[in-house]
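Hi everyone, thanks for coming. Let me put a structure up on the screen, and then I'll walk you through a few parts of it.

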Amino acid sequence: MDWYSIVKFLHVATAILWVGGGFVLFLLGVLAQRAGNVEEKLQAMRASGQLGGRFFAPMSMLTLVFGLIMCGLWIGFSDLWIVIGLVGYATTFSIGMFIFKPTGERMGAMIARDGVTPAVLEIGERMMRAARLDYAVMLVIVADMVLKPTVDDIGILAAMVLVVMIGAMMAFGRARRMVPGAA
């Protein structure tokens, strides 16, 4: 086994833990929301907040570091799929740092001060909507890493743009009205 294979394995393993673990928490929140179970929804949000800085942020950073090592030593940075992956990473990292982290901290402070209130639940709902965009971007990153599109792969690139657009519409409300049962 060579060093490239080891670094690639570490890149994929940390990506699985980061993306897969976060998706499970997101799915638990969605299922609790659909069931109308406020306590389970809050539990998923608390777990997301607790694991965000301690687990998901380190896994995402390790995924980036191992990817950068592969690019720096073996692959290079000029392929379109590398650029798409880096832009996708920057997007999801920004959502985590500028939306999930401060929103989770604010929710925690509000719950500690006032308990579970309608305002806390509304903030949690906004966080769940942002997660829809985040996971649309992550889906595109995963597809990008597997399919490795070039500028000639118009269909794949168009599908990636469509996935991000649907995620954005679901996050910002338009597609929620089109989904049966969505409020």
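I'll talk about a pair of helices, then salt bridges, and then a few single residues.

First, a word on what we're looking at: this is a predicted model, in which local features need pLDDT of at least 70 and side-chain atom pairs count only at pLDDT 80 or more, while totals for chains, interfaces and linings use all residues. Residues are numbered from 1 along each chain as its sequence is written, and side-chain values use heavy atoms, with hydrogens and water left out.

Let's start with helices α1 and α2. When I say helix, I mean a DSSP run of H or I with at least four residues, numbered from the N terminus. Helix α1 covers residues 3–35 and helix α2 covers residues 38–75; their axes come within 8 Å and cross at roughly 160°. Those axes are lines fitted to C-alpha atoms over the stretch in contact, and the angles run from 0 to 180 degrees between N-to-C directions. The crossing makes α1 roughly antiparallel to α2, a label for angles over 145 degrees. It is also left-handed, meaning that the near helix is turned anticlockwise from the far one by less than a right angle. And which residues make up the contact of α1 with α2, by class? There are 22 nonpolar, 10 polar and three charged residues. Here Ala, Val, Leu, Ile, Met, Phe, Trp, Tyr, Cys and Pro are nonpolar, Asp, Glu, Lys and Arg are charged, and the others, Gly among them, are polar.

Now for the salt bridges. The rule asks for a side-chain nitrogen of Lys or Arg within 4 Å of a carboxyl oxygen of Asp or Glu, and by this rule the count comes to five.

One of them joins Lys101 to Glu105, with the closest N and O atoms 2.8 Å apart. Why do these two sit about one helical turn from each other? Because they are four residues apart in helix α3, residues 80–114. In general, an α-helix has 3.6 residues a turn, so residues three or four places apart point the same way. Lys101 is partly exposed at 41% relative accessibility, and Glu105 is partly exposed too, at 48%. The cut-offs are under 20% for buried, over 50% for exposed, and in between for partly exposed, using a 1.4 Å probe and protein chains only.

Another salt bridge links Arg113 and Asp114, at 3.1 Å from N to O. Arg113 is exposed at 59%, whereas Asp114 is partly exposed at 46%.

Then there is Arg129, which pairs with Glu122 at 3.8 Å between the closest N and O atoms. Is Arg129 buried or exposed? Arg129 is buried, with 16% relative accessible area, while Glu122 is partly exposed at 38%. Both belong to a network of salt bridges that also takes in Lys41 and Glu125.

Next, helix α4, residues 118–147. Its 30 residues reach 43 Å from first C-alpha to last, close to the 44 Å expected at 1.5 Å a residue; that expected span is 1.5 Å times one less than the number of residues.

Just after α4 comes Lys148, with a positive phi of about 50°, although Lys148 is not a glycine. Most residues other than glycine have a negative phi. Lys148 lies in the loop between α4 and α5 (154–172) and is partly exposed, at 38%.

Last stop: Ala112, found in helix α3 and exposed at 70%. Ala112 and Gln43 are 69 residues apart in sequence and 14 Å apart in space, C-alpha to C-alpha.

Conventions. Parallel < 35°, antiparallel > 145°, perpendicular 65-115°, else oblique.
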